[in-house]
Amino acid sequence: MSAGPVPELHARAEACADHLRSADSVLLASHIDADGLTSAAVAASALERAEIPFDTVFSKQLDADEIAAIAATDHETVLFTDFGSGQLDSIVDHEAAGEFTPVVADHHQPADADTEYHLNPLLFGIDGASELSGAGASYVLARALERDGGDNRDLAALAVVGAVGDMQDSDGALRGANEEIVEEGVDAGVLEANTDLTLYGKQTRPLPKLLEYASDVRIPGISNDHAGSIRFLDELELDLKADGEWRRWADLTAEERQTVASALVRRAVASGVPADRINSLVGTAYTLVDEKTGTELRDVSEFSTLLNATARYDRADVGLAVSLGDRDGALDRAQKLLRNHRRNLSEGLQWVKNEGVTVEENVQWFDAGTRIRETIVGIVAGMAVGASGISRSKPIVAFAEKNDGEVKVSARGSHFLTRKGLDLSVAMRDASRAVDGDGGGHNVAAGATIPTGEREAFVAEVDRIVGEQLG
């Protein structure tokens with residue numbers, strides 16, 4: 001038998017799979033972002049194919065109360081996907097009390113405690129922030145759960161959606177263990193990986209909107225300039241309209257794409273855009289070949305955004321249904337949620353631009369209070385980096401009210417900073433615990449929950465920790 005897509009994890013994945021097969025029933029508990037939803041979908045599909053009975057629950061934060069509620073169910077085995085590693089100190093207490101046996105498929109920084117069925121790349125020398133996502137860990141488990149000649153490689157498509165949703169392609173392509181999963185998806189005929197523009201919206205946005213909203217690489221006269229985008233396209237002497245409507249990138253021939261991309265790069269060079277930013281205009285694009293051209297589901301990055309728009313508005317059931325193949329009612333509901341999500345992100349980003357950030361020695365931060373929903377404040381923070389007055393050279397920390405007694409914190413960095421030593425997972429965990437909160441995540445993106453009234457002490461502690469990391 002093959003060692004699966006990630007040989008280092010194979011033995012542990014087999015042990016986890018064997019335990020799941022022995023369970024009378026399983027409670028599948030998962031996180032709510034795009035990576036969490038695809039993790040759940042991969043795991044649910046694998047459990048169903050293995051004929052293992054299961055129920056599914058979602059949580060936006062796996063705290064002690066959530067774990068206690070899970071322990072109160074009548075399931076003897078609980079499969080945690082895209083969280084659980086950072087909460088093992090609490091989980092193992094319930095395990096020791098005989099309330100359930102945990103199986104964890106996660107990629108976040110583990111707590112000090114451990115358990116037998118713990119599938120996490122960080123335990124095997126693989127970077128969970130850039131080389132394997134939660135959905136990737138679930139996929140490794142799914143491959144181990146194959147039975148009677150079954151083949152779960154088609155689930156690689158969802159694992160890639162999760163990895164891209166977790167921003168693991170921020171250097172232009174997925175790498176490490178993720179690359180092996182991509183290869184399996186390509187071999188299974190569910191995925192294509194091609195060099196293309198890295199702009200968001202290639203499937204669904206009319207060409208002028210595609211260029212206007214391309215904010216990662218700001219090109220003067222095109223980015224944030226609708227009329228400028230139209231002028232640029234008009235000058236290309238291509239027939240870029242059909243029946244009077246602008247075509248989309250997905251509608252163009254390979255030759256037309258090449259013409260547009262080359263002109264875009266020339267304009268960027270002429271405008272003095274730095275070489276490293278210009279290089280990031282082109283990267284690896286991942287396409288789900290079974291999905292309809294021109295829909296959010298065909299492009300991996302658009303699919304992940306669609307999923308983010310469901311569970312972050314308390315509709316994880318919709319995101320899971322879409323991930324499991326519902327292309328009727330669930331997709332319609334998801335697209336409505338996506339329109340609402342985009343509006344909220346746009347308004348949130350505008351609010352941050354208007355209000356600005358407070359700059360400390362080593363970090364910058366803003367407090368949105370109730371102005372930005374706590375489930376999307378981290379996305380807004382990431383989008384704000386690079387805007388006027390918001391530096392790319394310091395991590396950004398964002399606060400939003402969670403409830404009367406608690407504040408949600410989200411922090412975003414860059415891979416440039418993590419290579420210099422930044423680890424926001426450690427910073428969020430240690431600073432939050434110093435003020436009787438808790439947190440964790442990845443080196444490049446992490447979060448925490450702290451008591452209301454502790455913001456100043458928390459910021460001071462984060463600033464100190466980040467200063468030591470980057471010092």
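**Exercise 1. Describe the polar contacts and the surroundings of the S59 side chain.**

*Solution.* Step 1: a polar atom of the S59 side chain lies 2.9 Å from the backbone oxygen of Q61. A polar contact is a pair of N or O atoms within 3.5 Å; within protein, one must be able to donate a hydrogen and the other to accept it, and residues adjacent in sequence count only if both atoms are side-chain atoms. The model is predicted: local features need pLDDT of at least 70, side-chain atom pairs count only at pLDDT 80 or more, and totals for chains, interfaces and linings use all residues. Residues are numbered from 1 along each chain as its sequence is written, and side-chain values use heavy atoms, with hydrogens and water left out.

Step 2: the side chain of S59 also makes a polar contact with the side chain of E66, at 3.3 Å.

Step 3: locate the residue. S59 belongs to the loop between β2 (54-58) and α3 (64-71); helices (H or I, at least four residues) and strands (E, at least two) are DSSP runs, numbered from the N terminus.

Step 4: list the contacts (heavy atoms within 4.5 Å). Leaving out residues up to four places away in sequence, S59 touches S30, H31, I32, E66 and F83.

Step 5: classify the accessibility. Buried means under 20% relative accessible area, exposed over 50%, and partly exposed in between (1.4 Å probe, protein chains only). S59 is therefore buried, at 7%.

**Exercise 2. Compare the positions of the partners in the salt bridges R21 with D18 and K60 with E374.**

*Solution.* Step 1: a salt bridge is a side-chain nitrogen of Lys or Arg within 4 Å of a carboxyl oxygen of Asp or Glu. The count by this rule is 22.

Step 2: R21 and D18 meet at 2.9 Å, N to O. They are three residues apart in helix α1 (residues 10-22), so about one helical turn separates them. R21 is partly exposed at 33%, and D18 is partly exposed at 44%.

Step 3: in the pair K60 and E374, the closest N and O atoms are 2.9 Å apart. This pair links distant parts of the chain, 314 residues apart: K60 is in the loop between β2 and α3, and E374 in the loop between β11 and α15 (377-384). K60 is partly exposed at 40%, whereas E374 is buried at 10%.

**Exercise 3. State where D196 and R257 lie and how they interact.**

*Solution.* Step 1: D196 and R257 form a salt bridge, with the closest N and O atoms 3.8 Å apart.

Step 2: D196 is in strand β6 (residues 191-197) and R257 in helix α10 (residues 254-270), 61 residues apart.

Step 3: D196 is buried at 15%, while R257 is partly exposed at 25%.
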